[in-house]
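Here's a quick walk through how two chains sit against each other. Have the structure open as you read.

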Amino acid sequence: MTVVLVVCGVLLGISALLLLVRITLGPTMLDRVVALDVLLAVVVCGLALEAAVHQHTSTLSILVVVSLLGFTGAVSVARFTRGSDDVDEESP
Amino acid sequence: MSWTDVADVLAAACLLTGALLTLLAAIGILRFPDVLTRMHSATKPQVLGLIVIVLGLALRLRDPATLGLLALVALFQFGTAPVASHMVGRASFRAGQVDRDLLVVDELSATLGEPTRAEPSEGETE
């Protein structure tokens with residue numbers, strides 16, 4: 001199981017790095033929100049991976065909370081993105 | 001070889017598959033050209049990867065008391081990913097950030113009462 005932990009951890013780490021690159025580059029705020037949503041899912045995956053390898057259940061409630069957090073973030077930014085200053089959007 | 005060993009091997013396979021799918025989602029988000037295609041990669045491989053990892057966790061824990069919480073995680077992903085993607089895509093489209101020449105079918109422009117194909121100078125004139 002240690003091999004699985006290392007391999008999956010490396011894969012998840014590479015994914016997190018690629019997502020950070022996209023968050024840094026991201027031309028619009030919505031690109032960053034999409035990437036941040038996936039980054040939170042990567043965090044959930046990492047917590048679940050650690051819990052699975054060490055067979056403990058203390059982080060399960062954190063999984064539930066974090067998996068809801070990405071949704072609220074994406075929805076609120078998408079709701080209020082028209083007034084943001086990242087593009088020259090059409091006037092209302 | 002007891003059934004716990006079989007469950008452990010299955011769980012390891014699930015965890016590896018989920019991590020690979022997450023990596024695929026990250027590569028797609030980095031490489032795809034605009035928000036709509038990035039959302040495609042952010043929802044489909046990502047949700048499947050998370051579900052598979054949670055399945056691997058359930059196989060590894062083998063505790064009926066935790067199944068409720070794990071099912072809740074999977075259910076939240078299934079429920080919230082389409083809604084969040086819908087809102088992000090709609091906000092991106094309405095803010096004029098979508099390159100309409102890349103679209104195959106464009107039904108939202110007709111609904112909004114806008115021209116289907118944007119002129120090149122539309123962004124500057126408005």
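Two residues are taken to be in contact here if their C-beta atoms, placed from the backbone, lie within 7 Å. Keep in mind that this is a predicted model.

On the α2(A) side you'll find L30(A), D31(A), V34(A), D37(A), V38(A), A41(A), V44(A), C45(A), A48(A), L49(A), A51(A) and A52(A). Their partners in α2(B) include V35(B), M39(B), I53(B) and R60(B). Sorted by class, the contact of α2(A) with α2(B) has 17 nonpolar, three polar and four charged residues.

How do the two helices line up? The axes of α2(A) and α2(B) come within 10 Å and cross at roughly 10 degrees. Angles under 35 degrees count as roughly parallel, so α2(A) is roughly parallel to α2(B).

Now zoom out to the whole chain-to-chain contact. Chain A puts in 48 residues and chain B 46 residues. On the chain A side, α1, α2 and α3 each supply at least two residues, and α2(A) gives the most, with 15 residues. Here is that side of chain A by class:

| Class | Side of chain A that touches chain B |
|---|---|
| Nonpolar | 32 residues |
| Polar | eight residues |

Next, the core. The largest nonpolar core has 60 residues, and the members that touch the most others are V34(A), V38(A), C45(A), A48(A), L15(B), I53(B) and V88(B). Helices α1, α2 and α3 of chain A and α1, α2 and α3 of chain B each give two or more residues to this core. The largest share, 17 residues, comes from α2(A).

Which residues does I53(B) touch, leaving aside its neighbours within four places in sequence? On chain A they are C45(A), A48(A) and L49(A), and on chain B they are C14(B), L15(B) and G18(B).

As for chain A itself, it has three helices and zero strands. Buried residues make up 39% of its 92 residues. Of the contacts in chain A with a separation of 6 or more, 56% join residues 24 or more positions apart.

Finally, α1(A). At 1.5 Å a residue, its 24 residues should span 34 Å, and its end C-alpha atoms are 34 Å apart, which agrees. The buried residues in α1(A) are V4(A), C8(A), L11(A), L12(A), S15(A), L18(A), L19(A) and R22(A). An α-helix has 3.6 residues a turn, so residues three or four places apart point the same way. The buried residues of α1(A) pack against α2 of chain A and α1 of chain B.

Technical notes. Residues numbered from 1 in each chain as written. Chains lettered and ligands numbered in written order. Predicted model: local features only at pLDDT ≥ 70, side-chain atom pairs only at ≥ 80, totals over all residues. Core = buried A, V, L, I, M, F, W, Y, C linked by C-beta atoms within 7 Å. Buried ≥ 20, exposed ≤ 12 C-beta atoms within 10 Å, placed from the backbone. Helix = DSSP H or I, 4+ residues; strand = E, 2+ residues; numbered from the N terminus. Expected span 1.5 Å × (residues − 1). Nonpolar A, V, L, I, M, F, W, Y, C, P; charged D, E, K, R; others polar. Axes fitted to C-alpha atoms, helices over the stretch in contact; angles between N-to-C directions. Parallel < 35°, antiparallel > 145°, perpendicular 65-115°, else oblique.
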